[in-house]
Amino acid sequence: MDYKDYYKILHVGKDASQEEIKRAYRKLARKFHPDVNKNADAEAKFKEINEAYEVLKDDEKRKAYDNFGNNWQAGQEFRPPPDWESRFSRGGQGSRGTTSQHHSDFFESLFGGGRGHFTQENFSPFDQEEYSRGHDLHAKVSITLEDSYHGAKRTITLNRTVDEGGGRLSIQPQSLQVTIPKGIVEGQQIRLEGQGDSGYAKGQRGNLFLEIVFEPHRLFTTSKRDIYLVLPVTPWEAALGASISVPTLGGHVDLKLPPNSQSGQKLRLKGRGLCSKNHIGHQYVTLAIYTPEARTAEQRELYEKMARIMPYNPRSGFGG
Amino acid sequence: MTHEYRCTVLDDTMTWGIAELCELCRVDSNLVHEMISEGLLTPQGTSPETWRFNAVAVKRIQVTLRLQNDLRVNLPGAALVLDLLEEIDELRARIRQF
């Protein structure tokens, strides 16, 4: 387990005032909120910021942390001293936002909570229904375009509250297999009934919402259910027309390139996008004409001959 | 460990009435009404009895709740954030195609 430098995480000095810490936290929280920041590491960063703030905003926790902090460096292997008695064994209370629910091992070794047991009193007595029903959980699942095109099964692991019997609830990492339906698109959610947090006593379990994120693809980009590909072609293929083998998510298909095609033209491969039961997606191929270099005398001569035989001004619209 | 469970894709063929929407997102109908008058949600239909909400509405409620909870953003602020985020998404998608 690595030592975490909570001051560094919030970009504040060790002597920072509560006001400075709050300001630094709010600024970073806005920047790295996973709904606002689309970078893959935003969520982890956001959790880290929240954890740092949870410790540093609380005088007692900050003091306890400072007593250790003097001897440790960020990233250093950390073990709590054997005589450490956590005064915070019911930590984790109050931070039940969807995105900051779980703490690092480092935090838990100092302040407890997390994987420890907790009972009824940690639950907000907000209203009777919320009191007993488990929380909904939200998570992102990243899949490949191929997973969506063909449909797939994915095993995910998430921390959730489970009922160990007798009203004892604990947070544990659990795995479940998720069916990714064919043709799911980025941003869509899958709702898994009863797969959220356990409820208290006879309370129902919450639900789990998984939001789909696409991993970047080597060749393709997407817009909703349509797939985009930039297709390099030679000048003679573009001018004379050609049959070109084009990659799609379902394998290569032949594309008929009409004669006198131009760079930037878009051709459609019908139904080759992300198709579900009720929706059809297409693949769009954008042409990019690549010009071979004139290296030898013969090659240069050929280009010169072209210039003579087919004079052409692609900039005629510019005037002047 | 694997489990058996019912799973639903919240896709664009699905719509929900206000009561179902509240149940799905676990919110009070007052919040939905406030979000409508703030322009955050625009249901199909002319009266609360005939309103239908789509998956975009579900996502907008969920993000609004997180923004409220995590960043203390109020409803007009959330409306602004959501509109800007959608615009950024569109611009990003346009860039990716070239």
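In this predicted model, Ile190(A) stands opposite Val9(B) in strand E1(B).

The contact between the two chains may be considered next. It takes 30 residues from chain A and 25 residues from chain B. On the side of chain B that touches chain A, at least two residues are supplied by each of E1, helix H3 (55-71) and helix H4 (75-96) of chain B. Which of the elements of chain B gives the largest share of this side? It is H3(B), with 8 residues. Sorted by class, the side of chain B that touches chain A has 12 nonpolar, 7 polar and 6 charged residues.

The helix H3(B) also packs within its own chain. Helix H1, residues 18-25 of chain B, and H3(B) pack at an angle of about 45°, and their axes are 11 Å apart. An angle under 35 degrees would count as roughly parallel, and one from 65 to 115 as roughly perpendicular; H1(B) and H3(B) are therefore oblique to each other. The crossing in which H1(B) passes H3(B) is right-handed. From H1(B), the contact is made by Leu21(B), Leu24(B) and Cys25(B), and from H3(B) by Ala57(B), Val58(B), Ile61(B) and Gln62(B). By class, this contact of H1(B) with H3(B) has 6 nonpolar residues, 1 polar residue and no charged residues.

Chain A holds a helix pair of its own. Helix H2 (residues 18-32) and helix H3 (residues 42-56) of chain A pack at an angle of about 165°, with axes 9 Å apart. Since angles over 145 degrees count as roughly antiparallel, H2(A) and H3(A) are therefore roughly antiparallel to each other. The crossing of H2(A) and H3(A) is left-handed. In this contact, Ile21(A), Tyr25(A), Leu28(A), Ala29(A) and Phe32(A) of H2(A) meet Ala42(A), Lys45(A), Phe46(A), Ile49(A), Tyr53(A) and Leu56(A) of H3(A). The contact of H2(A) with H3(A) has 10 nonpolar residues, no polar residues and 1 charged residue.

Strand E9 (residues 242-248) and strand E10 (residues 251-257) of chain A run antiparallel and are joined by 7 bridges. How many residues lie between E9(A) and E10(A) in the hairpin that they form? There are 2 residues between them. Within this pair of strands, Ala242(A) stands opposite Leu257(A) in E10(A).

Definitions and conventions. Residues numbered from 1 in each chain as written. Chains lettered and ligands numbered in written order. Predicted model: local features only at pLDDT ≥ 70, side-chain atom pairs only at ≥ 80, totals over all residues. Contact = placed C-beta atoms within 7 Å. Helix = DSSP H or I, 4+ residues; strand = E, 2+ residues; numbered from the N terminus. Nonpolar A, V, L, I, M, F, W, Y, C, P; charged D, E, K, R; others polar. Pairing = 2+ DSSP bridges. Axes fitted to C-alpha atoms, helices over the stretch in contact; angles between N-to-C directions. Left-handed = near helix turned anticlockwise from the far one by under 90°.
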